[in-house]
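Morning, everyone. Please have a look at the structure on the screen, and then I'll walk you through it.

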Amino acid sequence: MEDAAVEVRDLVKRYGPVTAVDHLDLRCRRGEVTAVLGPNGAGKTSTIEICEGFRTSDSGSVRVLGLAPDDPGLKPRIGIMLQSGGVPQAARAGEWLKLVSRFHAHPLDPSALLDRLGLTDHARTPYRRLSGGQQQRLGLAAAVIGRPELVFLDEPTAGLDPQARHACWDMIRELRAAGVSVVLTTHHMDEAEKLSDHVVIIDRGRVVAEGSPAELTGAERQLRFRARPGLNLDEVLSALPPGSAAKESPAGHYIIEGQVDPSLLATVTAWCATEGVTTEDLSIERRTLEDVFLELTGRELR
Amino acid sequence: MTTLDLSPAPGAAPLAQMVLAQAGAEVRATLRNGEQLLLTLIIPILLLVGFSKAPFLDVGGPRVDFVAPGVLALAVLSTAFTGQAIATGFERRYGVLKRLGATPLSRTGLMLAKTAAVIVVEVLQIVVLVLVALALGWSPHGNPLTVALLVVLGTAAFSGLGLLMAGTLRAEATLAGANLVYLLLLALGGVVLPVSAFPESIRPLLEILPITALTDGVRSVLTGVGGFPMGAALVLLSWAVLALAAAARWFRWE
């Protein structure tokens with residue numbers, strides 16, 4: 001399996017009575033960006049940390065760049081960004097990055113990397129006095145400074161402001177363009193949709209769906225609009241081609257799915273006109289990854 | 001915007017470079033930390049000056065000849081045990097050990113770096129304390145190599161104990177515990193108060209403490225009263241073997 005950056009088969013991880021990872025299979029191809037999505041507690045971090053060699057599995061097989069996760073030969077080849085922490089509180093940002101660069105044979109220039117991530121002005125700031133977003137960016141810098149083949153990013157944009165998030169996205173795109181494989185976990189569906197070649201949705205320790213963002217969201221488009229609650233949708237459906245679907249969720253928010261084309265749009269608006277219904281925010285949209293995610297993992301809070 | 005060549009070019013640096021870089025970072029962190037300096041330099045200097053000048057002690061002979069060896073032993077305790085335990089405990093708590101474990105610096109490399117950093121700080125402490133003691137009129141005797149051997153054994157014993165504490169307790173418990181142990185050993189271990197000042201009944205217990213072995217051993221060499229302090233060396237060696245084995249067995253990295 002030469003082309004797999006990460007190959008996980010039948011992975012199981014238990015914490016006491018809790019099964020965090022339940023016979024999970026995961027394959028991340030080389031040179032691609034793979035996004036691992038899932039609600040809190042779905043088993044994302046457990047899976048990633050087993051791949052990173054931080055935790056051991058109860059059963060199953062894991063190969064990272066063709067090696068076992070605890071293989072010492074793997075460390076120089078992968079870059080890791082933890083969800084948080086990992087840096088001494090008193091360490092200055094620039095000194096920490098320089099230190100990590102000294103562990104590698106062909107590192108990036110630390111000051112160029114600081115500059116690239118907008119941290120130059122904070123090079124002498126102790127880690128504990130950096131903002132959350134600055135700490136995240138320093139973590140990203142440390143993950144890529146050794147010029148790895150594969151990068152694991154655990155929620156890289158959590159807590160970032162929009163500018164910093166875009167800087168992080170640019171870095172991920174550049175990594176991909178340079179031939180680096182990237183595995184990232186995220187709660188931001190737009191991030192997964194924009195950046196990744198392959199999306200894996202995990203829930204309750206299992207993969208519930210995977211594919212490219214386009215495959216997961218499907219080619220189908222939706223007509224959405226707002227109007228007064230309680231419209232009789234059966235009437236509008238009888239006027240639409242067979243195979244169309246209509247729903248009101250939540251009250252006053254309508255979604256028509258099917259062959260969304262100009263004639264369907266005309267039919268719906270004509271029907272609203274004869275019923276004396278004023279529509280607002282009428283739009284045609286593709287299903288988003290967030291829709292797919294919520295359908296698969298449910299709406300209830302955990 | 002700066003362009004960076006992100007194309008993969010992985011590889012570990014040579015072990016010596018990694019260990020030196022990490023050791024340098026640890027020495028800098030120690031020297032910048034005010035609380036660490038209090039324990040490693042300021043308290044030892046104050047004790048050295050205070051107990052050499054003030055007439056608290058009746059030790060027969062110049063007081064500085066008695067106090068200086070004790071303070072040198074205290075310096076080893078403060079760096080190898082207290083400082084190392086606290087720093088490592090917080091490194092563990094903040095995921096630094098975990099993060100470093102994901103770099104090409106192996107655990108062996110990290111331990112070598114910590115050992116090197118402790119030795120560098122000890123050498124700095126010893127230089128400063130010896131200069132202060134000489135200024136106070138200290139006249140040391142004995143073989144410096146014997147003292148160095150005792151310092152190495154003491155460093156191994158205290159490092160083992162410090163890492164055992166840091167690797168098993170919560171960081172806050174390590175902080176409190178390591179400071180408490182420092183104070184207790186300072187008071188009980190013959191550093192500035194001779195063990196003979198304590199009741200006969202508890203003396204055998206005090207004499208098997210690693211700090212007592214180190215102070216007595218270093219003091220007997222530097223005052224030139226005896227030959228090689230075999231008893232002290234054996235006590236320190238035993239502590240070193242037991243503590244390092246226990247730390248290797250129970251240390252949790254995360």
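Start with two helices in chain B. From α6(B), the residues Thr146(B), Val147(B), Leu150(B), Gly154(B), Ala157(B) and Phe158(B) make contact with α9(B). On the α9(B) side, the partners are Pro210(B), Leu214(B), Gly217(B), Val218(B), Val221(B) and Leu222(B). What classes do the residues of this contact fall into? We have 9 nonpolar, 3 polar and no charged.

One reminder before I go on: this is a predicted model.

Now, the geometry. Two packed helices are described by the angle between their axes and the distance between the axes. Here α6 of chain B covers residues 144-168, and α9 of chain B covers residues 210-222. Their axes come within 10 Å. They cross at roughly 175°. An angle over 145 degrees counts as roughly antiparallel. So α6(B) and α9(B) run roughly antiparallel to each other.

Next, where the two chains meet. How many residues does each chain bring to the contact? Chain B gives 30 residues, and chain A gives 37 residues. Stay with the chain B side. Helices α1 (15-32) and α4 (96-101) of chain B each supply at least two residues there. The largest share comes from α1(B), with 7 residues. By class, the side of chain B that touches chain A has 17 nonpolar, 9 polar and 4 charged residues.

Last, chain A. How is chain A divided? Domain 1 spans 4-213, and domain 2 spans 219-286. The centres of these two domains of chain A, taken over C-alpha atoms, are 42 Å apart.

Thanks. Over to you.

Definitions and conventions. Residues are numbered from 1 along each chain as its sequence is written. Chains are lettered from A and ligands numbered from 1 in the order in which they are written. This is a predicted model: local features need pLDDT of at least 70, side-chain atom pairs count only at pLDDT 80 or more; totals for chains, interfaces and linings use all residues. Axes are lines fitted to C-alpha atoms, for helices over the stretch in contact, and angles run from 0 to 180 degrees between N-to-C directions. Helices (H or I, at least four residues) and strands (E, at least two) are DSSP runs, numbered from the N terminus. Angles under 35 degrees count as roughly parallel, over 145 as roughly antiparallel, 65 to 115 as roughly perpendicular and the rest as oblique. Two residues are in contact if their C-beta atoms, placed from the backbone, lie within 7 Å. Ala, Val, Leu, Ile, Met, Phe, Trp, Tyr, Cys and Pro count as nonpolar, Asp, Glu, Lys and Arg as charged, and the others, Gly among them, as polar. Domain bounds come from an automatic or database domain assignment.
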